[in-house]
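Biologist: I have the sequence and a model open side by side. Can we walk through the helices, then the charged pairs?

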Amino acid sequence: MEALIALIVGVLTACGVYLALRGRTFPLVLGLTLLSYAVNLFLFVTGRLTVALPAVISEEAAGYADPLPQALVLTAIVISFGMTAFLIMLALKARAELGTDHVDGQRGGSGPR
């Protein structure tokens, strides 16, 4: 199971880096979103999640689930949603101002526009 999760995190990270290095804004936004998914999954898995154990320690419980990774992932999801909305609006504004969605402002290739 650990190998499967490691493979999933690795694939999400690789796809996110590949898309983030593209020359257009929409793949950049998708790449950053995939990277945030990979980090969230990594944080969630490193918390050694347990099944059917309470999150609050009690006297009669045999064990407990650590609520910190869940809280970190929930906070990261909210922050990444806000950043994704900001990046989309920034990309739309750049597209309206520059007339292209390339991150360097050039239409295609290495020459001036």
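**Helices, surface and salt bridges**

Modeller: This is a predicted model. Start with helix H1, residues 2–20. H1 has 19 residues and reaches 27 Å from first C-alpha to last, close to the 27 Å expected at 1.5 Å a residue.

Biologist: Which residues of H1 are buried, and how are they placed around the axis of H1?

Modeller: Buried means under 20% relative accessible area. In H1 that group is Val9, Gly16 and Ala20. Seen down the axis of H1, they fall within an arc of 35°, so they line one face.

Biologist: Which helix is included in what covers the buried residues of H1?

Modeller: The face of H1 turned away from the buried side carries exposed Ala3, Leu7 and Tyr18. On the buried residues of H1, the cover includes helix H2 (25–46).

Biologist: How much accessible area does the nonpolar patch on the surface have?

Modeller: The patch is formed by Met1, Leu4, Leu7, Ile8 and Val11. Met1 is in the segment before H1. At 71% relative accessibility, Met1 counts as exposed. Together the five patch residues have about 510 Å².

Biologist: What do the buried residues of H2 pack against?

Modeller: H2 has 22 residues and reaches 32 Å, close to the 32 Å expected at 1.5 Å a residue. Its buried residues include Thr25, Pro27, Val29 and Gly31. Also buried in H2 are Thr33, Ser36, Ala38 and Asn40. These buried residues of H2 pack against H1 and helix H3 (67–98).

Biologist: Which residue just after H2 takes a positive phi?

Modeller: Look just past the end of H2. The phi there is about 50°, and the residue is Arg48.

Biologist: How many residues apart in sequence are the parts tied together by Arg24 and Asp101?

Modeller: Arg24 forms a salt bridge with Asp101, with the closest N and O atoms 3.0 Å apart. Arg24 lies in the loop between H1 and H2, and Asp101 in the segment after H3, so the pair ties together parts that are 77 residues apart.

Biologist: What separates Lys93 and Glu97 along helix H3?

Modeller: Their side chains meet in a salt bridge, 3.3 Å from N to O. Lys93 is partly exposed at 49%, and Glu97 is exposed at 57%. Being four residues apart in H3, Lys93 and Glu97 are separated by about one helical turn.

Key. Residues numbered from 1 in each chain as written. Predicted model: local features only at pLDDT ≥ 70, side-chain atom pairs only at ≥ 80, totals over all residues. Heavy atoms only, no water. Helix = DSSP H or I, 4+ residues; strand = E, 2+ residues; numbered from the N terminus. Expected span 1.5 Å × (residues − 1). Buried < 20%, exposed > 50% of the residue type's maximum accessible area, 1.4 Å probe, protein only. Arc of directions from axis to C-beta. Contact = heavy atoms within 4.5 Å. Patch = residues over 30% accessible without salt bridge, like charges linked within 9 Å, V, L, I, M, F, W, Y side chains within 5 Å. Areas by Shrake-Rupley, 256 points an atom, 1.4 Å probe, with all protein chains shown as cover. Salt bridge = Lys/Arg side-chain N within 4 Å of Asp/Glu carboxyl O.
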